[in-house]
Amino acid sequence: MFIPFNTLPLNARLWIYQADRPLRADEEDLLSKELGRFCDQWEAHGQPLRTSFTIEHHHFVILAVDENYNDASGCSIDGSVRILKSLHEKSGINFIDRSKVAFLVDNEIKTFALPELKILFSSGRLTATTHTFNNLVATKSDFDKGWLTTVEKSWLVKYLPKPAVV
């Protein structure tokens, strides 16, 4: 059963999917309808789940389950992946490809392929203080506190240039 995202408890479990390109308004409308239907019927082992979703920055779909009500299971999580694959087939938007990283640059989402990152950091186009998204956050609390973070506070720190040894 769908509940508004802002009413989820802080320990609600999240899965974040990044689109391979910015979403248009009509695509967000389609996604909202499809995800709303999915959330209304999402269940685990025949038990209904209290669920929600939000679309953020025209790039991210965040699915959530309030596990205080019923726990998500492997099969129910697989169902969420299936709906996103189905949406890919309907819309051409890929939410499963993890080969690009999103950054917030000049108030705009920019995505870069992993192999580009070392060059982008070396050139100064991206820096330790550039904002990025930690799509691995697992709870709403973590989402609220640290989904949008800086490179220096993320797994991307390994791409920062190393200081020269004298």
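This report describes the fold, surface, salt bridges and aromatic pairs of a predicted protein model.

## Basis of the values

The model is predicted, so local features need pLDDT of at least 70 and side-chain atom pairs count only at pLDDT 80 or more, while totals for chains, interfaces and linings use all residues. Residues are numbered from 1 along each chain as its sequence is written, and side-chain values use heavy atoms, with hydrogens and water left out.

## Overall fold

The protein chain contains four helices and nine strands. Helices (H or I, at least four residues) and strands (E, at least two) are DSSP runs, numbered from the N terminus. In sequence order, the pattern is β-α-β-β-β-β-α-β-β-α-β-α-β. The C-alpha trace spans about 65 × 30 × 25 Å along its principal axes.

A contact means heavy atoms within 4.5 Å. Of the contacts between residues at least 6 apart in sequence, 64% join residues at least 24 apart.

## Burial and surface

Of the 166 residues in the protein chain, 43% are buried. Buried means under 20% relative accessible area, exposed means over 50%, and partly exposed lies in between (1.4 Å probe, protein chains only). The chain exposes about 9,000 Å², and carbon and sulfur atoms supply 53% of that area. Accessible areas come from the Shrake-Rupley method with a 1.4 Å probe; for residues, only the protein chains shown count as cover.

The chain has 19 positive and 21 negative charges, and their mean positions are 5 Å apart. Lys and Arg count as positive and Asp and Glu as negative, whereas His and the chain ends are not counted. Each charge is placed at NZ of Lys, CZ of Arg, CG of Asp or CD of Glu.

## Salt bridges

A salt bridge is a side-chain nitrogen of Lys or Arg within 4 Å of a carboxyl oxygen of Asp or Glu. The count by this rule is nine salt bridges. One of them joins arginine 21 and glutamate 27, with the closest N and O atoms 2.5 Å apart. Glutamate 27 is buried at 5% relative accessibility, whereas arginine 21 is partly exposed at 27%. A network of salt bridges links Arg21, Arg24, Asp26 and Glu27.

Arginine 37 and glutamate 34 form a salt bridge at 2.9 Å, N to O. These two residues are three apart in helix α1 (residues 25-41), so about one helical turn separates them. Another salt bridge, at 3.2 Å from N to O, joins arginine 50 and aspartate 66. Arginine 50 lies in strand β4 (residues 50-56) and aspartate 66 in strand β5 (residues 60-66), so the pair ties together parts 16 residues apart in sequence. Aspartate 66 is buried, with a relative accessible area of 3%.

## Aromatic pairs

Rings of Phe, Tyr and Trp (its six-membered ring) pair if their centres lie within 6.5 Å; planes under 30 degrees apart count as stacked, over 60 as edge-to-face and the rest as tilted. There are 11 aromatic pairs by this rule. Phenylalanine 2 and phenylalanine 53 form a tilted pair, 5.6 Å centre to centre with 50° between the planes. Phenylalanine 2 lies in the segment before β1 (13-18) and phenylalanine 53 in strand β4, so the pair ties together parts 51 residues apart in sequence.

Phenylalanine 60 and phenylalanine 133 also form a tilted pair, at 4.7 Å centre to centre and 45° between the planes. Phenylalanine 60 is in strand β5 and phenylalanine 133 in strand β8 (residues 131-133), 73 residues apart. Both phenylalanine 60 and phenylalanine 133 are buried. Ring pairs join Phe5, Phe60, Phe133, Phe143 and Trp147 into a cluster.
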